[in-house]
Amino acid sequence: MNRESFAAGERLVSPAYVRQGCEARRSHEHLIRLLLEKGKCPEDGWDESTLELFLHELAIMDSNNFLGNCGVGEREGRVASALVARRHYRFIHGIGRSGDISAVQPKAAGSSLLNKITNSLVLDIIKLAGVHTVTNCFVVPMATGMSLTLCFLTLRHKRPKAKYIIWPRIDQKSCFKSMITAGFEPVVIENVLEGDELRTDLKAVEAKVQELGPDYILCVHSTTSCFAPRVPDRLEELAVICANYDIPHIVNNAYGVQSSKCMHLIQQGARVGRIDAFVQSLDKNFMVPVGGAIIAGFNDSFIQEISKMYPGRASASPSLDVLITLLSLGSNGYKKLLKERKEMFSYLSNQLKKLSEAYNGRVLHTPHNPISLAMTLKTLDKHCDKAATRLGSMLFTRQVSGARVVPLGSVQTVSGYTFRGFMSHTNNYPCAYLNAASAIGMKTQDVDLFINRLDKCLKAVRKEQNKESDVAGVDNYDKTEDVVIEEMALKPDNVLLGTCQDSS
């Protein structure tokens, strides 16, 4: 209500009570005004009543919510289901216009304002997380892979001769397919083994640049966040190579916002060399539903070019989700989550180390990877493929998600390219291993439950292997409950899930 409404209310209720209610509303409006003036994430999170008031005020600025609106076009924000309308807080028009995903819509001032505020808050959080000199970013309603594709397609117009993308290998399908979808030929640079870690082969990158010619290379496509034993690419050195040869540099920072180390690498790479854009997932970094990403960079005009490359309007759902989340958390709440994630990484590392030693294994030494850990699986060495599938199946049936069992010598073809040792980021990693990651939002009880269930599964696998050795050629023997559950998981429909292969 406005001042006139409150004044009218004083004729019906005691003016003292009305004034008290007016002051309470002003406290909500003060928070909203500060947000609009500063465009930064509030230090302390908002309560739900302030959030809902804010969203309602924005929504009624859209034409589909005007009283007496008469829409005669093909896109008038009509929604058949009231449940769907409530799910989206009655933001129906989406964001952007046909020529620019960041443009303001005349029919949807509220949705446009929501989009601008969300992008401003996300930019503030990226700076808070460690990339202090980033100049622009926007939320795009596509996951990381398609967002990378959008970056590559934008570069196509700047480099008409280019047909190659130099890509230090990481065994994750969507980032590889993003290059294929954009119409370019990935040039795979194999990693080098340093101790337990797989690191960027800088000499091979530069040699390939010289061999192909800089004009024929669209960009270098590097990676920060990744599964151990691969570690983040040497971003500073790659950025210098890109600057020296005048080649664009796109960074896949999928779940790197939650890691101060990954963000520091991006900041340093931009300081000493060239990074054109870096892309990160909304769901992995901000705990919202899958379907959005952030494209950010250090050159404001280039980021605007990418936003203009997006064809048509776009869903406002990812922007709405992350806006609600950041306003609920506040910058202090998000910083607290980042701090807790680091603590959980140390705790997971210690617990995994204790368990691995009990099975004659060890946690791989990967100090340059700040999120993912890998534990060797000596238990699987005798019958690697079968045991890996079995262990993965047992973990899956016990509701352990996210752990990856990586056997030796796995071969997979992705978009016509065959990778040996797939999932291990190299052709011949020395041992089989299991991955686990400490991601934002993980709690102590998650680690404890994972370690407990993994322990039981390893015991069952070892017991089964011993039985197979003792009764070789004999099929009929008593089965433990674990083995029965495990065999159920090994039915054809469950094998892919059981091996925890990354299908993204």
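Reader: What should I know before we start?

Author: This is a predicted model, where local features need pLDDT of at least 70, side-chain atom pairs count only at pLDDT 80 or more, and totals for chains, interfaces and linings use all residues. Residues are numbered from 1 along each chain as its sequence is written, and side-chain values use heavy atoms, with hydrogens and water left out.

Reader: Why is the contact of lysine 107 and glutamate 76 called a salt bridge?

Author: A salt bridge is a side-chain nitrogen of Lys or Arg within 4 Å of a carboxyl oxygen of Asp or Glu. For lysine 107 and glutamate 76 the N to O distance is 3.1 Å, so the pair meets that definition. The structure holds 18 salt bridges.

Reader: What makes this pair a tie between parts of the chain?

Author: Lysine 107 lies in the loop between α4 (82-87) and α5 (109-129), and glutamate 76 in the loop between α3 (48-59) and α4, so the pair ties together parts 31 residues apart in sequence. Helices here are DSSP runs of H or I with at least four residues, strands are runs of E with at least two, and both are numbered from the N terminus.

Reader: Is glutamate 76 buried or exposed, and how do you know?

Author: Buried means under 20% relative accessible area, exposed over 50%, and partly exposed in between (1.4 Å probe, protein chains only). Glutamate 76 has 12%, so it counts as buried. Lysine 107, at 31%, counts as partly exposed.

Reader: Which residues does arginine 274 bridge to?

Author: Arginine 274 forms a salt bridge with aspartate 246, the closest N and O atoms being 2.9 Å apart. Aspartate 246 sits in the loop between α9 (235-245) and β7 (249-252), while arginine 274 sits in the loop between α10 (260-272) and β8 (277-281), 28 residues apart. The side chain of arginine 274 also meets that of aspartate 276 in a salt bridge, again with 2.9 Å from N to O.

Reader: Why is arginine 274 called partly exposed?

Author: Its relative accessible area is 22%, so arginine 274 is partly exposed. Aspartate 276, with 13%, is buried.

Reader: What makes β10 and β14 a pair?

Author: Two strands pair if DSSP finds at least two bridges between them. Strands β10 and β14 (residues 433-437) have five bridges, in the antiparallel sense. Within this pairing, leucine 373 stands opposite alanine 436 in β14.
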